[in-house]
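Please keep the structure in view while reading.

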Amino acid sequence: MTATGTTMLLGVAAEAALAVPGVAGLQPRLAHCLAAAAAPTRTDTAPHRMPPEAGIRADRAPDGSGWHIEVRCVLAEGQRALDFARNVHDRVGAAVIAHLATHGVAEPVTIAVTVTRIAARQDTA
């Protein structure tokens with residue numbers, strides 16, 4: 001897999017999204033959740049954690065002219081969803097474009113951000 005392949009872009013996008021203030025996590029797509037549920041039963045007692053990349057989808061444009069990145073975020077309580085989504089959009093877009101540029105690739109990138117839920121604050125008493 002090349003440095004500009006799907007796997008690398010998933011990691012770059014996930015890292016950028018998780019660095020945005022107010023991101024409580026990334027929500028895995030249904031396909032990831034179903035695959036984890038269908039996997040053989042684990043014998044260890046450690047809880048199974050989805051990798052952050054499971055909340056990102058990266059696809060080539062149908063004509064091969066660029067990338068479409070979908071980010072599924074969990075918003076921390078107390079954040080304004082529109083501002084939050086714009087911030088995630090901008091940061092993920094900048095990170096992916098910069099990653100592609102460092103590998104000599106100049107392709108258009110579109111970003112879609114979906115806020116899947118709002119996480120309640122944890123009281124630390």
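A residue is called buried when its relative accessible area is under 20%, exposed when it is over 50%, and partly exposed in between. At 23% relative accessibility, glutamate 107 therefore counts as partly exposed. The model is predicted. Three helices and four strands make up the secondary structure of the protein.

**Overall layout**

- Along the sequence, the elements follow the pattern α-β-α-β-β-α-β.
- The protein has 125 residues, and 30% of them are buried.
- Of the contacts between residues at least 6 apart in sequence, 74% join residues at least 24 apart.

**Helix H3**

- Helix H3 covers residues 81-102, which is 22 residues. The distance from its first C-alpha to its last is 31 Å, close to the 32 Å expected at 1.5 Å a residue.
- The buried residues in H3 are Phe84, Ala85, Val88, Val92, Gly93, Val96, His99 and Leu100. They lie on the same side of H3, because they cover an arc of only 155° around the axis.
- An α-helix has 3.6 residues a turn, so residues three or four places apart point the same way.
- What do the buried residues of H3 pack against? Their partners are helix H1 (6-18) and the strands S1 (23-26), S3 (67-76) and S4 (109-119).
- Arg86, Asp90, Ala101 and Thr102 are exposed, and they sit on the face of H3 turned away from its buried side.
- Glycine 104 follows H3 and has a positive phi, near 75°.

**Nonpolar core**

- The largest nonpolar core has 24 residues. Those that touch the most other members are Leu26, Ile56, Ile69, Val71, Val88, Val92 and Val96.
- Two or more residues of this core come from each of H1, S1, S2, S3, H3 and S4. The largest share, seven residues, is that of H1.
- Val88, Val92 and Val96 are also among the buried residues of H3.
- In soluble globular proteins, nonpolar side chains tend to be buried together.

**Salt bridges**

- How many salt bridges does the structure hold? There are three.
- Arginine 60 pairs with glutamate 107 in a salt bridge, with the closest N and O atoms 2.7 Å apart. Arginine 60 lies in strand S2 (residues 56-60) and glutamate 107 in the loop between H3 and S4, so the pair ties together parts that are 47 residues apart in sequence. Arginine 60 has a relative accessible area of 36%, which makes this residue partly exposed.
- Arginine 57 and aspartate 59 form a salt bridge through their side chains, at 2.8 Å from N to O. Arginine 57 is partly exposed at 37% relative accessibility. Aspartate 59 is also partly exposed, with a relative accessible area of 29%.
- Aspartate 83 and arginine 80 form a salt bridge whose closest N and O atoms are 3.0 Å apart. Aspartate 83 is partly exposed, with a relative accessible area of 38%, whereas arginine 80 is exposed, with a relative accessible area of 53%.

Definitions and conventions:
Residues numbered from 1 in each chain as written. Predicted model: local features only at pLDDT ≥ 70, side-chain atom pairs only at ≥ 80, totals over all residues. Heavy atoms only, no water. Expected span 1.5 Å × (residues − 1). Buried < 20%, exposed > 50% of the residue type's maximum accessible area, 1.4 Å probe, protein only. Arc of directions from axis to C-beta. Contact = heavy atoms within 4.5 Å. Salt bridge = Lys/Arg side-chain N within 4 Å of Asp/Glu carboxyl O. Core = buried A, V, L, I, M, F, W, Y, C linked by side-chain atoms within 4.5 Å.
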